[in-house]
Amino acid sequence: MPELPEVETTVRGLARVLDGERIARAAVHRADLRRAFPPDLVQALSGARVTGLGRRAKYGLVHTDRGRTLVFHLGMSGRWRIDPESIGKHDHLVLETDGGHVLALNDARRFGSVDLVDSAALDAWPAFAALGPEPLGAELTPEHLKRAFAGRVAAVKLLLLDQRIVAGLGNIYVCEALFRARIDPRKPAGKVSLPALKRLVPAIQAVLGEAIAAGGSSLRDYAQPSGELGYFAKRFDVYDREGEACACGGKVRRIVQGGRSTWFCPKCQK
Ligand SMILES: [Zn+2]
């Protein structure tokens, strides 16, 4: 499943061929993904100039000069193909730029989504209105987490997955950041000390930053004819490593929290 680093890498890859370009043609090859495409999608994009790209949580943003922003979510299996050799049956939305590039939103399982939102009202869009700060932005501070966690008995791991507290953090990166910060994922959030939170914020930013950098190094190939974004095959410290050795000599353990797996080292993480 595409996580925040894949979305960020996707946005950067799209920006290389789309930023400042005019969309000469837009076409949709079915009526919906997870939900219906906006009825005026083709009309709104055809002839529009892209004025910038961005990301909010796990959503990609394509701003246009018509005051509307294309907001996409990659769902479980979505990806953008740049200049594909041919258009396949899972290429549901296809854009052609004046510069001659073809961009195809490919989503075999169709859990993704495409929306058009008034650019000036993006923050109020329902999926964005309640989101907490971006994990890579200046608003995510130890003090923000201290306030958000105050008095909370829920496990710190579960609250880090709460999009109202931090936007866009997924299971992999929460497990890895807690490991690096040496925080037990089971600890009641309100009991995590400020010094521990001062380790956690840079740990979150480091694990995301490294994943984005790993994706960035594959951008060289991004605009090749069959160019596709690869998912990161990075080796993690604890994620999906149940029973394997930690550098400390302990063993990585898997537990289930909130219906999802957590991997951690009971010896390192207190
Ligand atoms: Zn360990």
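**Exercise 1. Is Cys246 buried or exposed, and what is its relative accessible area?**

Before starting, note that this is a predicted model in which local features need pLDDT of at least 70, side-chain atom pairs count only at pLDDT 80 or more, and totals for chains, interfaces and linings use all residues. Residues are numbered from 1 along each chain as its sequence is written, and side-chain values use heavy atoms, with hydrogens and water left out.

*Step 1.* Recall the cut-offs: buried means under 20% relative accessible area, exposed over 50%, and partly exposed in between (1.4 Å probe, protein chains only).

*Step 2.* Cys246 has a relative accessible area of 9%, so this residue is buried.

**Exercise 2. Describe the site of the zinc ion.**

*Step 1.* Find the donors (N, O and S atoms within 2.8 Å of the metal, or 3.2 Å for Na, K and Ca; water is not among the atoms, so sites may look incomplete). The SG atoms of Cys246, Cys248, Cys265 and Cys268 coordinate the zinc ion at 2.2 to 2.3 Å.

*Step 2.* Check the angles. They run from 103 to 116° among the four donor atoms, and the site is tetrahedral.

*Step 3.* Turn to the sequence, where the donor residues follow the spacing C-x1-C-x16-C-x2-C. Cys246 sits in the loop between α7 (194-216) and β9 (253-257) and Cys268 in the segment after β10 (260-264), so this pair ties together parts 22 residues apart in sequence. Helices (H or I, at least four residues) and strands (E, at least two) are DSSP runs, numbered from the N terminus.

**Exercise 3. Work out which aromatic partners Tyr59 has, including Trp125.**

*Step 1.* The whole structure holds seven aromatic pairs.

*Step 2.* Tyr59 and Trp125 have ring centres 5.7 Å apart and planes at 85°, so they are edge-to-face. Tyr59 lies in strand β3 (residues 59-64), and Trp125 in the loop between β8 (113-118) and α3 (126-129), 66 residues apart.

*Step 3.* Tyr59 also forms an edge-to-face pair with Phe128, at 5.2 Å centre to centre and 80° between the planes. Phe128 is in helix α3 and Tyr59 in strand β3, so the pair joins parts 69 residues apart in sequence.

*Step 4.* Finish with burial: Tyr59 counts as buried at 17% relative accessibility, and Phe128 is buried at 5%.

Key
Four donors count as tetrahedral if all angles lie between 85 and 135 degrees; four count as square planar and six as octahedral if opposite donors are over 155 degrees apart and all others between 65 and 115; anything else is irregular. Rings of Phe, Tyr and Trp (its six-membered ring) pair if their centres lie within 6.5 Å; planes under 30 degrees apart count as stacked, over 60 as edge-to-face and the rest as tilted.
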